[in-house]
Amino acid sequence: MFPMVTLKRTDPGDKDFIDLVRLLDAELAIRDGDDHAFYSQFNGIVSIRHIVIAYDEGEPAGCGAIKEFDKQTMEIKRMFVKPDHRRKGIASMVLHELEKWAGELSFTRYILETGTKQPEAIELYKRTGYTIIPNYGQYAGIETSVCFLKNI
């Protein structure tokens, strides 16, 4: 039987989103180690307007966000699923909802960055149709970053 997962579109002031981002940042601090300070400077939530939260049996279980990168591109940000809710397809559900929302806003592509120390994320993006691209923007030349693109 599949868990009862519901999705909610929200904004950066949502308490559940703020709590999930704190957990995400704590996990990334461990995974990224010495590289964490570099990455964390690009992970603020102030300029993010479009957030999706997944609830598993009513409990906040995961999140993701989109942020305008340019006139045709949305950047996927702040993807996270709590450890005890992983391997249930929640990340794929959040990602799909973010893609759908970006399409409704007339964007035609998505980009994102993840780290080499997050192999689960890399596999998720490959599995859902993203292709690896040269590192963009602030991630150019950063060996521990992997950047992806998906056209709608």
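Student: How many bridges join strand β4 to β5?
Tutor: This is a predicted model: local features need pLDDT of at least 70, side-chain atom pairs count only at pLDDT 80 or more, and totals for chains, interfaces and linings use all residues. Residues are numbered from 1 along each chain as its sequence is written, and side-chain values use heavy atoms, with hydrogens and water left out. Helices (H or I, at least four residues) and strands (E, at least two) are DSSP runs, numbered from the N terminus, and two strands pair if DSSP finds at least two bridges between them. β4 (residues 73-81) and β5 run parallel, and the bridges joining them number four.

Student: Which residue in β5 is the bridge partner of M74?
Tutor: Look along β5 for the residue bridged to M74. That partner is Y110.

Student: What is the handedness of the β-α-β unit made by β4, helix α3 and β5?
Tutor: Helix α3 covers residues 90-104. A crossover is right-handed if, with the strands pointing away from the viewer, the path from the first strand over the helix to the second runs clockwise. This unit is right-handed.

Student: Which residue in β7 is the bridge partner of I133?
Tutor: β6 and β7 pair in the antiparallel sense over three bridges. I133 has as its partner C147.

Student: How many residues of β5 are buried?
Tutor: Buried means under 20% relative accessible area, exposed over 50%, partly exposed in between (1.4 Å probe, protein chains only). β7 is mostly covered, with six of its seven residues buried. β5 is mostly covered as well, and its buried count is six of seven.

Student: Why does T114 count as buried?
Tutor: T114 lies in strand β5, residues 109-115. T114 counts as buried because its relative accessibility is 5%.

Student: What is the length of the polar contact that joins the side chains of T114 and Q118?
Tutor: A polar contact is a pair of N or O atoms within 3.5 Å; within protein, one must be able to donate a hydrogen and the other to accept it, and residues adjacent in sequence count only if both atoms are side-chain atoms. For T114 and Q118 the value is 2.7 Å.

Student: What distance separates the C-alpha atoms of I76 and I111?
Tutor: I76 lies in strand β4 and, at 4% relative accessibility, is buried. Leaving out residues up to four places away in sequence, I76 has contacts (heavy atoms within 4.5 Å) that include L95, I111 and Y130. I76 and I111 are 35 residues apart along the chain, and their C-alpha separation is 6.2 Å.

Student: How many aromatic pairs does a search of the whole structure find?
Tutor: Rings of Phe, Tyr and Trp (its six-membered ring) pair if their centres lie within 6.5 Å; planes under 30 degrees apart count as stacked, over 60 as edge-to-face and the rest as tilted. The search returns five.

Student: What geometry does the pair of F69 and Y136 have?
Tutor: The ring centres of F69 and Y136 are 5.4 Å apart. Their planes meet at 75°, so the pair is edge-to-face.

Student: How far apart in sequence are the parts that the pair of F69 and Y136 ties together?
Tutor: F69 lies in strand β3 (residues 59-70). Y136 lies in the loop between β6 (131-133) and β7 (145-151), so the pair ties together parts whose separation in sequence is 67 residues.
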